[in-house]
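This report describes the surroundings of a ligand and an interface between two chains. Please look at the sequence and the structure before reading on.

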Amino acid sequence: MAFPLYAGVYLQHTATIILTYLCLALSWDMLVRTGQISFGVAGFFGIGAYSAALTALNLKLDPLLSIAVGGLAAMAAALVLGLTTLQLRGMYFAITTLALTEIFRVIVRNLPGLTGGPEGTVLPSAIFDGDPTKTYWLLLAIALVTIAISEAFQRTRVYFAITSIRHDEMVARSSGLDIFKYAVFVFAVTSAIQGIVGASFAQQYAFVSPEGTFDIDFTLLPIAMCLLGGMHSTLGPIIGALVLGSVAEYLKLQLPYGHLLVYGAVITLVILLMPQGVAGKMKEQFVREQ
Amino acid sequence: MSALPRSRRYQIAVPLALFIVVLAWWHPYAVIEGVQRAGLYAAIALPMALILGIVGIVNLAHGDFLMLGAYLAYWFAVHTQGDPLVAILPAALGLFLLGAVVYRATIKHVIGSSELSQLLLTFGLAIVLQQTATLLWTSQPVSINTEYTSTSATIGSLTFGTYGFVYVAAAVIEFAGLTFFLQRTRLGQAASASGQNPVGARIVGINVDRVYLIVFSISLALAGAVGVLFLTRHAVFPLVGGGLTFKSFCLAAMAGLGNLRGILWCSLILGLAESLVSTSKEYAGWADLIFFVAIVAVILVQSHRRQVT
Amino acid sequence: MLAVRGIDNYYGKLHVLRALTIEVGRESVGLFGPNGAGKTTLINAIMGLARPARGEIVFEGRSLLGLAPHQIAHLGIALVPQERELFPLMAVKGNLESGAAHIPAAREKMKSTMEFVFELFPILKQRLGQPAGTLSGGEQRMLAIGRALMANPKLIILDEPSLGLQPSVVTHLFGTLKEIKQKASILLAEQNVRQSLKAIDRGYVLENGEIALEGDAASLAGNEHVKRSYLGL
Ligand SMILES: Nc1ncnc2c1ncn2[C@@H]1O[C@H](COP(=O)(O)OP(=O)(O)O)[C@@H](O)[C@H]1O
Ligand SMILES: [Mg+2]
């Protein structure tokens with residue numbers, strides 16, 4: 001993981017982007033494991049980004065501290081939303097999050113005094129004065145924490161709670177688990193991660209805008225990555241992020257107007273042909289060979 | 001397809017009528033605009049509610065099929081120099097056939113699997129449609145100007161555009177047609193039965209898979225036709241459908257999944273609310289939040305109701 | 001009429017039916033066994049709702065394997081499912097009509113069949129406009145039987161019709177089986193063996209997915225195992 005340090009700015013930049021998407025993908029998957037699906041990743045990403053940028057600019061907050069604020073802001077938004085919408089069947093929550101990104105965008109656009117309105121806001125300087133190596137270390141650290149949280153969820157009481165939510169709501173209920181509480185908890189944690197990643201992104205580019213920050217890329221790519229790699233595990237989203245993340249920049253250059261088509265097609269095809277993803281497929285192969 | 005009991009219908013209808021009368025007196029333009037919007041929203045939401053009620057699937061690509069219908073009409077109008085409305089039947093037919101293909105190739109395979117797979121599949125389809133449209137027609141909005149869309153009427157000191165009422169007509173025709181189909185035709189009754197209990201439907205000899213295919217295709221055909229109407233009054237661009245999908249779902253959820261009549265009422269309420277906000281000078285930009293607030297309220301009410309029972 | 005020969009059914013790794021063979025002629029046949037014996041699975045296999053891994057199922061010389069449930073319904077088999085599977089928002093009338101509407105041969109006789117159903121279950125006539133979901137358990141069971149009869153079937157399969165019903169209703173239900181038998185063959189899955197033995201000609205005892213016993217009603221009633229395990233004697 002340390003190799004990009006010696007490999008020039010372009011590779012470091014690509015690696016940073018991959019790590020950004022890796023965190024988003026993994027956090028999205030953690031929520032999927034509770035049986036809830038969110039189409040609002042870009043929304044929490046954007047909340048984090050705006051909160052960090054605005055606190056750094058207006059309160060002269062240290063960039064790293066402002067990133068933490070970004071995470072907290074996203075978490076607070078998720079708590080409010082989760083407490084109101086996570087009680088019903090997944091479909092209601094999913095569709096609410098589908099509109100979320102657009103809603104946040106509308107709010108940002110309509111508060112020009114605070115957010116800079118449609119034009120966005122520019123920060124005086126990027127984090128670490130734009131040093132790509134330090135930025136890479138920052139994202140690597142965030143990614144490692146995200147991986148640790150994902151593994152913790154897989155190994156503790158939370159895992160038991162969320163898998164029983166997924167497999168059988170009745171069993172979970174009768175065993176006295178407050179599944180609603182767990183779902184809200186996981187939603188808050190994963191949204192905080194998305195907010196932190198968004199905040200780092202804003203600090204890295206020293207710029208936030210309604211269109212660029214609440215970009216559907218930040219919802220679409222993580223989902224495609226998880227599906228390709230395989231949902232319901234830590235490994236799957238990582239594999240997916242490495243594969244799709246390394247071609248994402250290239251695709252964007254080659255197909256500036258249609259690169260998202262690839263991700264839509266990936267999502268559709270994986271659901272139809274290979275619902276367990278690459279990681280699941282490999283596991284299956286492995287079990288068969290044993 | 002459940003309808004509200006008569007008493008509850010009046011509980012909603014009477015206050016709503018009073019509200020509209022008061023509003024019309026205070027702010028007539030908002031009412032006219034609101035009713036026209038309500039027509040548009042109902043026309044768009046009805047076909048989505050049809051799939052939701054019978055096939056039991058949320059079609060997250062619903063608005064994007066409408067977008068496709070609108071582009072078909074645009075393409076037709078540009079190439080023939082003709083009236084885009086002439087494209088209604090071809091667009092409906094084209095989307096009906098596309099619906100059959102999409103159902104066979106994709107939707108059919110997630111019937112009976114988890115809701116998660118269904119949501120992800122139709123989300124993927126939505127992205128594919130949006131991005132294909134971007135590749136074909138770029139992200140620039142297109143629109144068609146025809147003379148009849150600017151017809152207006154004057155009542156007293158009030159002058160307003162009348163063409164927007166075409167959506168109200170469309171919604172009423174759609175509702176009447178769907179109600180007739182579901183209650184009076186054998187295929188429609190097979191569809192109702194499949195929606196209420198697919199296992200029960202199979203054992204009484206209904207080919208549920210074929211019913212689903214036809215219902216899905218009908219829904220897409222209607223979305224395509226409404227898309228053509230949409231083009232005559234709105235700018236169309238590849239991402240225009242996303243918001244319409246969301247609004248359709250809000251209406252379907254608010255009306256109670258599968259309740260077509262309720263969609264008319266709920267469209268009226270939200271259409272009026274939205275136009276009231278958007279015709280006010282200071283708060284116009286916030287009108288987009290109305291549906292979001294509505295869906296959150298619906299979810300709160302429903303989870304409360306579930307806890308009570 | 002119906003022949004099931006050597007079928008095996010699985011749910012995942014769980015082996016539910018083992019080389020199972022039964023036959024139903026122009027008669028009424030009982031299928032007895034405790035909870036979890038595999039009665040519903042066998043019925044689902046006949047109806048095309050579950051797929052056997054091995055064996056064959058033949059109805060009037062035609063193999064049913066590979067046919068969809070609606071095709072099997074069209075051949076003349078009607079099912080009264082354990083869970084009833086009615087259309088809850090549809091009125092009683094609509095539910096009854098749905099039994100005949102999708103089967104061309106039955107559609108023509110819809111009126112007269114409905115009269116026959118009302119003779120068996122007069123209560124349904126009084127509830128004609130009421131949504132099925134609001135009926136009592138017993139009424140729902142009658143409606144499910146009525147809906148199956150509306151198809152004018154050659155074979156009617158009833159999956160535990162007495163489940164959850166009051167004894168008086170059960171007696172009435174089983175009483176109607178004699179009249180139903182005038183019109184169709186019957187396959188009756190039941191745990192209430194005592195009452196069922198009065199209504200059937202012949203029966204099978206199904207235990208752990210295998211036929212443990214078979215014989216006519218009288219010989220089953222006299223069998224020691226049946227007496228001990230099913231009749232509580
Ligand atoms: N959908 C299912 N999935 C897994 N196992 C099942 C399913 N349905 C039934 N079984 C199992 O198959 C066995 C036979 O069940 P069933 O045919 O319903 O028995 P019966 O109708 O005689 O009570 C039981 O052990 C039951 O637990
Ligand atoms: Mg059973």
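How many Å from an oxygen atom of ligand 1 does a polar side-chain atom of C:Thr41 lie? The distance is 2.4 Å. This is a predicted model, in which local features need pLDDT of at least 70 and side-chain atom pairs count only at pLDDT 80 or more, while totals for chains, interfaces and linings use all residues. Residues are numbered from 1 along each chain as its sequence is written, chains are lettered from A and ligands numbered from 1 in the order in which they are written, and side-chain values use heavy atoms, with hydrogens and water left out.

**Ligand 1**

| Residue | Atom | Distance |
|---|---|---|
| C:Gly36 | backbone N or O | 2.7 Å |
| C:Thr40 | polar side-chain atom | 2.7 Å |
| C:Thr41 | polar side-chain atom | 2.4 Å |

The protein covers 59% of the 550 Å² of accessible area (Shrake-Rupley method, 1.4 Å probe) that ligand 1 has on its own. Residues around ligand 1 (a heavy atom within 4 Å) include C:Tyr11, C:Pro34 and C:Lys39.

**Chains A and B**

In chain A, 42 residues are in contact (heavy atoms within 4.5 Å) with 39 residues of chain B. The two chains, A and B, bury about 3,700 Å² between them, 80% of it on carbon and sulfur atoms; buried area is the accessible area (1.4 Å probe) lost by two parts on being put together, summed over both. On the chain A side, A:Met91, A:Tyr92 and A:Ile95 lose the most area to chain B, together 16% of what that side buries.

Definitions and conventions. A polar contact is a pair of N or O atoms within 3.5 Å; within protein, one must be able to donate a hydrogen and the other to accept it, and residues adjacent in sequence count only if both atoms are side-chain atoms.
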